[in-house]
Number of protein chains: 2
Amino acid sequence: MPRRADHEQRRAELTAALLRIASTRGLQAVTMREVAHEAGASLRVVQYYFADKATLLTAGLAELAGRLDRRVRGRAAAGTGLTVREAFEVVLGSILPTDDDSRADALAWAAYYAVALTDPALGAGGRNHPDALEAYLTARLERAQGEGDAPRELDARTEVVLLLALANGLTASVLGRQRGAGDALHVLRHQLDRVLGPPAS
Amino acid sequence: MPRRADHEQRRAELTAALLRIASTRGLQAVTMREVAHEAGASLRVVQYYFADKATLLTAGLAELAGRLDRRVRGRAAAGTGLTVREAFEVVLGSILPTDDDSRADALAWAAYYAVALTDPALGAGGRNHPDALEAYLTARLERAQGEGDAPRELDARTEVVLLLALANGLTASVLGRQRGAGDALHVLRHQLDRVLGPPAS
DNA sequence: AGCGTTCGGATACAAGCGTATCCACACGGC
DNA sequence: GCCGTGTGGATACGCTTGTATCCGAACGCT
């Protein structure tokens with residue numbers, strides 16, 4: 001057998017190049033040739049590792065979902081033993097585009113989201129991600145309510161849906177440059193204060 | 001002069017066809033030929049009324065912004081003399097995709113929003129719209145505070161930003177079919193109850 | 001009535017797209 | 001050593017795209 005390239009890494013480089021293009025020039029600028037050029041490879045290489053464009057786009061979405069998942073889990077795990085209030089602030093705050101990397105990912109995510117709305121092929125890949133977050137936060141809040149760390153009269157499901165929608169809406173306005181990340185974080189904290197009470201600190 | 005067609009109406013038919021395509025198959029499916037076909041016209045007609053594709057897309061965005069503006073203004077004007085709480089529920093509720101028409105418009109809006117994030121040419125056209133709404137709601141809330149109809153300790157600006165982001169986030173989840181319009185409206189009312197108190201009814 | 005302007009059908013063209021094919025080269029197992 | 005397989009460069013094909021052009025038909029004005 002010939003020089004065996006590391007397929008996994010090669011694929012990762014290509015999907016990373018794809019996401020770079022998607023976050024700066026949009027998904028409609030993602031072509032096989034552009035991905036190849038961005039990754040410093042030839043068109044044939046892109047064809048070699050991804051059978052067709054649909055496969056490539058799906059792989060890009062999977063890579064992106066993995067990144068976001070890693071970001072959320074990483075920050076959440078950074079401080080186990082947090083109060084509900086702190087845990088919610090950390091998790092929801094990790095959704096907001098606070099630095100250049102997370103901003104780029106959020107832009108790519110928005111691009112994928114938009115085409116998934118009308119293209120059912122992409123829909124399946126990204127939909128389970130936010131649902132998992134919703135389930136996790138709901139469980140966390142209900143646990144806190146059971147332990148007396150959160151107001152029992154709250155409907156956990158409603159509050160979580162509200163907070164997730166708020167975080168997504170704030171993300172959209174930050175991406176549109178109507179607001180800075182700091183302002184968005186302030187609004188998010190304001191709502192958390194109101195629902196769960198001020199942070200322990 | 002020959003048979004003078006009604007340019008205004010002809011343009012409106014074409015942009016309507018454009019938005020129909022954008023909301024069902026996405027903005028990437030909007031081509032000159034597709035718009036012509038959808039409108040039952042020939043390619044030449046589309047070229048005749050819109051110099052190039054950028055002009056066509058901009059006109060589509062303007063038409064869409066006009067529709068949304070009309071929807072909000074229409075509902076807001078339907079009941080002047082509303083309480084703050086009622087006014088906010090009506091205006092913010094009109095953002096949510098509650099029927100097929102508003103759902104189609106919201107889909108088209110999301111598609112335009114996504115490309116505007118990375119294509120600066122489209123950015124200018126749609127950005128002032130939400131800002132105008134934000135200014136209006138902030139002024140309305142501050143007036144209510146002055147008249148004692150809303151808690152004075154609220155930071156009007158923060159609350160309005162929060163509610164608008166919430167409405168946008170809920171819209172996104174309704175479009176993604178993670179939630180029904182009824183659920184979204186329930187969450188929105190829940191937050192309005194918390195901030196402004198229950199409706200007078 | 002005729003004419004010039006407005007409207008629109010048919011067609012052409014170059015560019016860019018996804019995809020397919022041909023071919024050179026590297027290299028580990030026999 | 002050499003051979004077959006994995007890797008990838010170069011190139012081509014058919015299609016769709018935006019845009020341009022040619023030309024016929026309609027109709028108000030004088």
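Start with Glu38(A), which is partly exposed at a relative accessible area of 31% (buried means under 20%, exposed over 50% and partly exposed in between, with a 1.4 Å probe and protein chains only). This is a predicted model, in which local features need pLDDT of at least 70 and side-chain atom pairs count only at pLDDT 80 or more, while totals for chains, interfaces and linings use all residues. Residues are numbered from 1 along each chain as its sequence is written, chains are lettered from A and ligands numbered from 1 in the order in which they are written, and side-chain values use heavy atoms, leaving out hydrogens and water.

Helices here are DSSP runs (H or I, at least four residues), numbered from the N terminus. Arg20(A) is partly exposed too, at 40% relative accessibility.

Next, select Arg85(A) and Glu89(A), whose closest N and O atoms lie 2.5 Å apart in a salt bridge. Both sit in helix α5 (residues 84–93) of chain A, 4 residues or about one helical turn apart. Is Arg85(A) buried or exposed? Arg85(A) is buried, at 5%.

Move to chain B for Glu34(B) and Arg25(B), a salt bridge at 3.2 Å. Glu34(B) is partly exposed at 27%, as is Arg25(B) at 38%.

Finally, return to chain A and select Glu63(A), Arg67(A), Arg71(A) and Asp105(A), joined into one network by salt bridges that share partners.

Note on methods: Salt bridge = Lys/Arg side-chain N within 4 Å of Asp/Glu carboxyl O. Helix = DSSP H or I, 4+ residues; strand = E, 2+ residues; numbered from the N terminus.
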